[in-house]
Amino acid sequence: MEQKINLVFNLQQAYKYTLRKSNAAERIAKLKALKAAIAKNEDKIYKALQSDLRKSTFESAVTELIFIYGELDFAIKNLSAWMRAKRVGKTLSNPFAKNRLYYEPKGVCLIISPWNYPFQLTMGPLISAIAAGNCVMLKPSELSPATSSIVSEIIAEAFNEQEVASFEGAVEVSTALLKLPFDHIFFTGSTAVGKVVMEAASKNLTSVTLELGGKSPTIIDQEVNLEKAATKIAWGKLVNSGQTCIAPDYVFVHEQQVDEFIELYKAAVHQMYFKTKDQIDPAVYGKIVNPKQYKRLKELVDEAVEKGARINFGGTFEEQNQTIYPVILTQIPTGAKVMEEEIFGPILPIVSYQNIEEVIAQINEKSKALALYIFSTNSKKVKYIIKNTSAGGTCVNDVLIHISNPKLPFGGVNGSGIGSSHGFFGFKNFSHERAVVFQRGVDFNKMIYPPYEGKEWVLNLLKKIM
Ligand code: NAD
């Protein structure tokens, strides 16, 4: 495999000089070819997602396919404008120069993607990279093998390998790829592996976009429609069985509203995900991706309970089909792992609070979140929370939906990521912003050239202007 990787890398390195000259019409044609290949293989994509994650066709359509069609259409519609050199204002010292910002392709890019939204999170960055005029080598996740295989098929159908090539496999494939001096690396995955990627990239001074994970808190203010909040949180927590990077990881509820919230959450979960009173509906509720993740999640609950946490809801674990019924935990003692590591499963810890200051302090103690959600009808308090915390993105009175607007950047901050994706922001991440100044007319710069004798007046003038 390493030989093949090196061969394709060299092919792409040679081809990037041709590709960088491509105009908007040519890149749009490539995006349309990708769209056609996806459309042709839709049924296979749905089957693959069902096999990897037991995702229903409806959920796959909403969270993977339609999302990618939206991203494709947005790029196709706006690419000419994105590619256009942007005018930039003049400076007093160069009043006649023409200043422009060019978006040039980075060159040969590596995309490494995770298993949880294996189609969307591979195709999304690919669309941005193609729009920006790059060659791409892709490494989809080995933990969603059916989807990774159809992704590779689609890519082979739409592109030559000198332009885009997919390499399936596990860590050893990533490691072989990461040795190469790529012009940019776009990684989506865990914070721990993000550090491995950034370290490898630093050896070649390769730029990186890191879309990572972490714990995304949700704050429910006392002034709130609690039923709406509980329903939205239940959906955001349980879509893809909690295996969503921006799922509400844990929730702060005022101590006087905890019992009511639990009842409303339970009712919402039953309404959306249960077939009978006691039986989850596998047609709408996904499975945990593999036995290792299933075991990790079970241990998170067991450890919290051993340390004194209470299970207020759920706690049914079906090992044979890797299904974990939605869980609510309360009274979680400090030090329990469920409050330390990203949960990435259908377990919702509730942290009760007395005042917002205490909530803000607890959030700011942790690494900056990928998402932070606020439920409140008090706009002053909402603004106060936003101002006093940091997160990649935030929804007020909702969850997850900020990811669906391609006009907004999607990404984390420090521990939850570097750089952003979607729409123009994705295009920009795969481009180098090149400053270009066209000097013309009267050239005042001569005034600052040596010798400096007799030029005190120039210095005085510059000081005045500045
Ligand atoms: P992961 O980091 O284990 O794996 C991601 C990719 O990296 C896979 O392709 C994998 O093969 C590769 N990889 C694994 N170990 C590696 C190593 N040592 N060296 C090089 N490559 C390696 O993540 P995952 O389990 O696939 O996905 C879950 C994580 O991804 C969660 O933390 C989640 O929050 C995060 N995530 C983030 C986003 C986002 O947009 N910010 C989206 C989805 C998932």
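1. Glu 142 sits in the loop that joins strand E4 (135-139) to helix H6 (145-158). Helices (H or I, at least four residues) and strands (E, at least two) are DSSP runs, numbered from the N terminus. Glu 142 has a relative accessible area of 32%, so it counts as partly exposed. Buried means under 20% relative accessible area, exposed means over 50%, and partly exposed lies in between (1.4 Å probe, protein chains only). Glu 142 and Ser 113 are 29 residues apart along the chain, and their C-alpha atoms are separated by 9.6 Å.

2. A word on the model. This is a predicted model, in which local features need pLDDT of at least 70 and side-chain atom pairs count only at pLDDT 80 or more, while totals for chains, interfaces and linings use all residues. Residues are numbered from 1 along each chain as its sequence is written, and side-chain values use heavy atoms, with hydrogens and water left out.

3. How many residues surround the ligand? The number is 26, and the closest are Lys 139, Glu 142, Ser 190, Leu 212 and Glu 342. A residue is near a molecule or strand if one of its heavy atoms lies within 4 Å of it. By class, the shell has 14 nonpolar, 8 polar and 4 charged residues. Here Ala, Val, Leu, Ile, Met, Phe, Trp, Tyr, Cys and Pro count as nonpolar, Asp, Glu, Lys and Arg as charged, and the others, Gly among them, as polar.

4. Next, the atoms that face the ligand's oxygens. An N or O atom in the side chain of Lys 139 is 2.7 Å from an oxygen atom of the ligand. For Glu 342, a polar side-chain atom lies 2.5 Å from a ligand oxygen. Gly 189 comes in through its backbone, with an N or O atom 3.3 Å from an oxygen atom of the ligand. The ligand on its own has 840 Å² of accessible area, and the protein covers 89% of this. Accessible areas come from the Shrake-Rupley method with a 1.4 Å probe; for residues, only the protein chains shown count as cover.

5. Helix H7 (171-178), strand E6 (184-188) and helix H8 (191-203) each supply at least two residues of the shell. H7 gives the most, with 3 residues. The ligand lies between domain 1 (2-212 + 416-435) and domain 2 (217-411), because both give residues to the shell. The domain bounds come from an automatic or database domain assignment.

6. Helix H5 (residues 120-131) is mostly covered: 12 of its 12 residues are buried. Among them are Gln 120, Met 123, Pro 125 and Ala 131. At 1.5 Å a residue, the 12 residues of H5 should span 16 Å, and its end C-alpha atoms are 16 Å apart, which agrees. The expected span is 1.5 Å times one less than the number of residues. Gly 133 follows H5 and has a positive phi, near 85°.

7. Some backbone angles deserve a check. Most residues other than glycine have a negative phi, and most peptide bonds are trans. Leu 205, which is not a glycine, has a positive phi of about 50°. Leu 205 lies in the loop between H8 and strand E7 (207-211), and it counts as exposed because its relative accessibility is 78%. Asn 414 also has a positive phi, near 50°. The peptide bond from Pro 450 to Pro 451 is cis, with omega near -5°.

How values were computed
Polar contact = N/O pair within 3.5 Å; in protein donor to acceptor, adjacent residues only side chain to side chain.
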